[in-house]
Amino acid sequence: MPIDPKQKTKVYWKKNLQTLVVLLLIWFLVSFGCGILWVEELNSIQLGGFKLGFWFAQQGSIYVFVLLIFAYVYWMNRLDRKFDVDEE
Amino acid sequence: MEILTWTYILVGLTFALYIGIAIWSRAGSTKEFYVAGGGVSPLANGMATAADWMSAASFISMAGLIAFAGYDGSVYLMGWTGGYVLLALLLAPYLRKFGKFTVPDFVGDRYYSNTARVVAVICALFISFVYVAGQMRGVGIVFSRYLEVPIEWGVVIGMIIVFFYAVLGGMKGITYTQVAQYCVLIFAYMVPAIFISMQLTGNPIPQLGFGGEVEAGVSLLDKLDGVLDDLGFAAYTDGRKSMTDMFMITLALMVGTAGLPHVIVRFFTVPRVKDARLSAGYALVFIAILYTTAPAVAAFGIYNAINSTSEKPVSELPTWVQTWQKTNLIQVDDKNGDGIVQYLPDPNQNELQIDKDIMVLASPEIAELPNWVVGLVAAGAMAAALSTAAGLLLVISTSVSRDLFKTFRPEITEKKELMIARIAAAGAVILAGYFGVNPPGFVAQVVAFAFGLAAASFFPVILLGIFSSRINKEGAISGMLVGLVFTLGYITYFKFISPELNTAKYWWFGVSPEGIGSIGMILNFIVCVVVSRFTPAPPASIQEMIEEIRIPRGAGKAIDH
């Protein structure tokens with residue numbers, strides 16, 4: 001069954017949006033969540049010499065941000081190849 | 001060798017390097033001038049983006065800012081890095097696929113309106129000028145502190161250097177000098193940080209030393225909390241800002257970062273869409289190295305500063321305190337005449353004034369490092385200031401030559417356009433230098449403007465322009481204007497008209513002027529969507545263009561005209 005190119009583009013875009021939602025949810029949770037909204041609760045947990053909430057706000061969130069972008073690069077490259085929209 | 005000799009040698013060497021690169025990478029076409037020919041590798045672009053982004057303020061002031069703010073300083077750390085996630089996921093790949101040269105280009109084309117383009121140009125120019133004046137000032141301050149020349153001369157020398165590679169090389173020259181500047185600045189930042197971390201905690205990695213122990217069984221942060229508490233200050237790891245305000249400031253800085261034109265434009269320089277994604281990742285790695293070190297430097301710095309001065313006899317203060325007293329960055333005033341320094345929260349009793357900049361600038365001396373490290377820090381601070389200034393100047397010159405001249409006089413030749421771009425860059429250098437020498441009193445105040453405005457103006461219309469095909473020009477223009485006027489109005493009211501009311505009690509919903517860009521952004525989004533709903537949909541050609549930018553294939557080289 002030949003795939004309608006318009007349909008294919010739609011599915012590709014939908015998958016892309018799903019990836020974004022997942023990654024941005026994590027982005028929100030580690031920074032605004034762990035670093036700000038739940039900082040006091042997390043501060044009662046000790047991580048090495050850090051209070052956990054404080055660590056998320058000044059260290060952890062930044063590490064996760066870096067990982068998120070590389071996860072995005074990996075997923076999108078795979079998605080591009082799967083839908084045959086990648087660049088040469 | 002003397003500190004001064006080392007500083008001259010290291011600063012001189014790095015300047016020679018930058019000029020050498022500028023001559024080697026002269027721009028021959030508008031495409032090379034605007035986007036370095038579109039052929040920069042993702043790794044090089046990531047480094048250049050990091051240098052572009054990290055300004056004199058990041059290098060010199062941020063650690064000190066955090067040192068005195070403690071947990072509240074987290075807004076800068078999360079805000080100025082988290083924005084790259086938004087940039088990488090939501091903007092950079094699509095803008096690269098769009099394939100033109102500037103942010104106003106995108107706004108003007110996507111919203112098929114020269115009015116939208118002009119509004120975008122005005123925002124870009126305003127944001128960039130605010131920023132660049134601060135950088136020039138930074139260059140002048142570094143010169144005057146380390147090389148013992150007057151600030152004015154420092155600014156002029158800085159202007160000549162930037163003039164050289166921004167005006168000659170355009171984006172191509174800037175990109176490759178920024179790669180060199182990143183290496184200089186990160187080395188200069190890390191060397192003292194590593195040594196101080198070793199001295200205090202025995203761990204050479206500052207990010208780990210930050211959580212290390214200063215005495216057996218007592219971690220640095222617990223000790224710091226205790227020391228500050230004893231003196232009557234708030235604990236280091238506790239916040240003083242309200243949760244709402246923390247949230248809003250962080251959001252405004254993140255979204256503002258993603259909307260800054262000089263950062264966005266860097267992603268036009270890579271060859272492919274997937275390179276744009278990857279290079280945002282590299283950029284954040286390079287930025288994160290400094291941004292995860294800064295809070296450690298902050299904690300080490302405030303701990304050292306208090307430890308070596310508080311309750312110590314005035315006559316026996318360490319030599320670095322005496323050295324930096326000359327520059328007024330640290331001031332000791334024995335108010336009660338007991339011969340001992342008291343560091344206290346009450347300004348009437350406090351005898352020790354420490355400027356935030358000292359945490360980085362004096363760090364080599366605090367750690368008793370060799371003289372060449374002091375020279376290195378000077379060269380690093382200079383690299384941070386120059387690289388950011390150059391990136392901003394390019395946005396200014398491109399806005400003038402391309403977004404204004406070329407739009408309204410499309411018949412001009414490429415050669416002429418290139419000449420106008422160079423003249424605009426030269427004009428911008430001179431104007432920025434003027435503001436560096438005669439800083440308007442409000443420079444520090446208006447930095448909040450730059451981020452707030454970028455958040456409230458650009459970000460929503462670019463995002464909606466990519467992710468919604470229903471948003472039309474009426475929506476975009478009214479959204480940008482509402483976001484802009486609201487944010488400008490709020491900041492102006494609290495910073496300039498009634499600064500005495502600038503307290504949490506009078507803020508709307510408890511949001512400070514620093515965080516108001518978040519509300520401006522939300523208003524922009526709402527107005528954009530609502531107005532678009534009641535006005536005609538964009539023409540079919542725009543719908544096609546949106547479909548086109550969502551698919552990576554076919555990005556090719558950046559489109560020339």
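A nonpolar core is a set of buried Ala, Val, Leu, Ile, Met, Phe, Trp, Tyr and Cys residues joined through C-beta atoms within 7 Å. Buried means 20 or more other C-beta atoms within 10 Å of a residue's own, exposed means 12 or fewer, and partly exposed lies in between, with C-beta atoms placed from the backbone.

The model is predicted: local features need pLDDT of at least 70, side-chain atom pairs count only at pLDDT 80 or more, and totals for chains, interfaces and linings use all residues. Residues are numbered from 1 along each chain as its sequence is written, and chains are lettered from A and ligands numbered from 1 in the order in which they are written.

**Core.** The largest nonpolar core holds 225 residues. B:Leu185, B:Ala299 and B:Leu393 touch the most other members. Neighbours within four places in sequence aside, B:Leu393 is in contact (C-beta atoms, placed from the backbone, within 7 Å) with residues including B:Val132, B:Val162 and B:Ala425.

**Chain A to chain B.** The contact takes 35 residues from chain A and 41 from chain B. Helices (H or I, at least four residues) are DSSP runs, numbered from the N terminus. H13(B) gives the most, with 12 residues.

**Helix pair.** The axes of H3(A) (residues 52-82) and H13(B) come within 9 Å and cross at roughly 170 degrees. Axes are lines fitted to C-alpha atoms over the stretch in contact, and angles run from 0 to 180 degrees between N-to-C directions. H3(A) is therefore roughly antiparallel to H13(B), a label for angles over 145 degrees. Among the contact residues are A:Phe65, A:Ile69 and A:Tyr72 of H3(A), and B:Leu284, B:Ala288 and B:Tyr291 of H13(B).

| H3(A) with H13(B) | 15 residues | five residues | two residues |

**B:Arg553.** B:Arg553 lies in the segment after helix H22 (540-549) of chain B. B:Arg553 is partly exposed because 16 other C-beta atoms lie within 10 Å. B:Lys97 is 456 residues away in sequence, yet 8.5 Å away in space, C-alpha to C-alpha. Neighbours within four places in sequence aside, B:Arg553 is in contact with A:Val85, A:Asp86 and A:Glu87.

Conventions. Contact = placed C-beta atoms within 7 Å. Helix = DSSP H or I, 4+ residues; strand = E, 2+ residues; numbered from the N terminus. Parallel < 35°, antiparallel > 145°, perpendicular 65-115°, else oblique. Nonpolar A, V, L, I, M, F, W, Y, C, P; charged D, E, K, R; others polar.
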